[in-house]
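This report covers the metal site, the ligand contacts, the salt bridges and the strand pairing of one model. The sequence and structure come first.

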Amino acid sequence: MNITDEFDTIAAISTPLGTGGVGVIRVSGDKAFEIIEKLFTNSNFEPRKFNHGWIVNENEKLDEVLVLPFFAPNSYTGEDVVEIQCHGGINVVKNILDLVLKNGARLAEKGEFTKRAFLNKRMDLSQAEAVADIIHSKTSNFAKVSMKNLSGVLNGKIGEIRNDIFDVLSKITAGIDFPEDVKEPEYDYLIECLENILSKINKVLSGAKTSNIMRQGISVAIVGKPNVGKSSLFNALLNLDRAIVTDIAGTTRDVLRETLDLGIPVTLIDTAGIRGVNNEQDKIEAIGIEYSKQSLDEADLVLFVYDVSQGLKDEDNAIFELVKDKNYIAVANKADLITERNDGIVYISALSGEGVNDLKQVLTSKVCEIEPENLEYVTNSRQQACLNRARVSLEQALMASQIRELQDLISIDVKSALLALDELTGELITDDILDNIFEHFCIGK
Ligand SMILES: Nc1nc2c(ncn2[C@@H]2O[C@H](COP(=O)(O)OP(=O)(O)OP(=O)(O)O)[C@@H](O)[C@H]2O)c(=O)[nH]1
Ligand SMILES: [Mg+2]
């Protein structure tokens, strides 16, 4: 797809494919109304109002629907858009889409509606990227912060920074181009401006690590020797009977992963109990143990589980040796079997549920050492890369100003910073970058 292509009319199913109350088919482009008029029994459209009628294929009624028309430019894409709300059965939705395609629309590519919204200036790039974030967010917190970007928070800040840079560049350029009429700006003034801009960029970038954690989440591996109750804990944390639990040591063979929403997405990993097994005797368990060690290495946080009714044994200590240099929480399980409690130990019973909520809290505070709700600017890796490029260029300009370098040379770095921000906002963007961004969308958005 090319930025300068004439837009044809596209269509796609905008609701998830499955059985549901309603399904929505979206059609966008010049021919949207022409196509619907051929299929709909009531094409006396009132804009932005639901119009009731039937979708018919050569007199055969396909479904009773509501049609919601939007006239360009007042639509999501900025083009003529028609949304057909039909019954949510998978075949009904597909049949209507097929009919729309047969009548002159083309199946939309991933993210093509939002891409058009961007190209038609209905939203800027950070808002378009926020749409993808909201759709894909794994936690409600991330959905909330992404919503800030949809409402233009990041773009507003970047616009402000861009204006600051543009202002500096204009002053330098005027001094260079019209030396007789305009005095070149004082170096101290340039230093002050550049420092100011850099601190604004650093403020936006300071949320980068948190943004990445909120986007990708963190992984928490549950490790320990066989039979200490790892899978029971995995199930208890998820509130789900996900992993098989038996009293046979060596029950879990494969690595199990599930997502847990602690405000930040957590991938909880259940592993095979680690013990010395003879490779020949039990190949499967030996492989499982290898996987456990890998998961342990890769995890951001480890729950080291032991059976407190048995006390720490040599096997536990051997595993603890693998864990101790990592970020870990030691969990004393099967506390229902003992009566004594010491301070500073996390006692739980995965069986009865005792202490599981407290453990969740300890886990949450470890995971959220950052306060996600306070995150002011959420950025993705592409935006961070642009900001970092702008930062490096401005730092060079700053250094050059400090040593009173020729302003001609300083302007080159200031200009690169400006271009990096233009790439961030989408002012200056290539087809490749655009395709890359919208590839992460789903069809129908
Ligand atoms: N009394 C008591 N029994 C528990 C508790 N947690 C787990 N168990 C029992 O301990 C046995 C082993 O539990 P699992 O959850 O399968 O243990 P595991 O660590 O996953 O074991 P492997 O997968 O073999 O490594 C089962 O019989 C559980 O019912 C607990 O808190 N209290
Ligand atoms: Mg298990």
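## Terms and basis

A residue is called buried under 20% relative accessible area, exposed over 50%, and partly exposed in between (1.4 Å probe, protein chains only). By that scale aspartate 188 counts as exposed, because its relative accessibility is 52%.

The model is predicted: local features need pLDDT of at least 70, side-chain atom pairs count only at pLDDT 80 or more, and totals for chains, interfaces and linings use all residues. Side-chain values use heavy atoms, with hydrogens and water left out; residues are numbered from 1 along each chain as its sequence is written, while chains are lettered from A and ligands numbered from 1 in the order in which they are written.

## Magnesium site

Ser231 (OG) and Thr252 (OG1) coordinate the magnesium ion, ligand 2, at 2.0 Å. Serine 231 belongs to helix 9 (residues 230–238) and threonine 252 to the loop between helix 9 and strand 8 (256–261), so the pair ties together parts 21 residues apart in sequence. Helices (H or I, at least four residues) and strands (E, at least two) are DSSP runs, numbered from the N terminus. Both serine 231 and threonine 252 are buried.

Donors are N, O and S atoms within 2.8 Å of the metal (3.2 Å for Na, K and Ca); water is not among the atoms, so sites may look incomplete.

Lysine 230 places a polar side-chain atom 2.8 Å from an oxygen atom of ligand 1. Threonine 251 uses a backbone N or O atom, 2.7 Å from an oxygen atom of the ligand. For valine 228, a backbone N or O atom lies 3.3 Å from an oxygen atom of ligand 1.

## Salt bridges

The whole structure holds 24 salt bridges, each a side-chain nitrogen of Lys or Arg within 4 Å of a carboxyl oxygen of Asp or Glu. One of them joins arginine 116 and glutamate 79 at 3.1 Å, N to O. Arginine 116 is in helix 3 (residues 112–119) and glutamate 79 in the loop between strand 4 (60–70) and strand 5 (81–88), 37 residues apart.

Arginine 404 is partly exposed at 43% relative accessibility. Glutamate 321 and lysine 324 meet in a further bridge (3.1 Å, N to O); glutamate 321 is partly exposed at 48%, and lysine 324 at 37%.

## Strand pairing

Strand 10 (residues 301–307) and strand 11 (residues 328–333) run parallel and are joined by six bridges; strands pair if DSSP finds at least two bridges between them. Leucine 303 has isoleucine 329 of strand 11 as its bridge partner. Strand 11 also pairs in the parallel sense with strand 12 (residues 346–347), over two bridges. There, alanine 332 stands opposite tyrosine 347.

Methods
A polar contact is a pair of N or O atoms within 3.5 Å; within protein, one must be able to donate a hydrogen and the other to accept it, and residues adjacent in sequence count only if both atoms are side-chain atoms.
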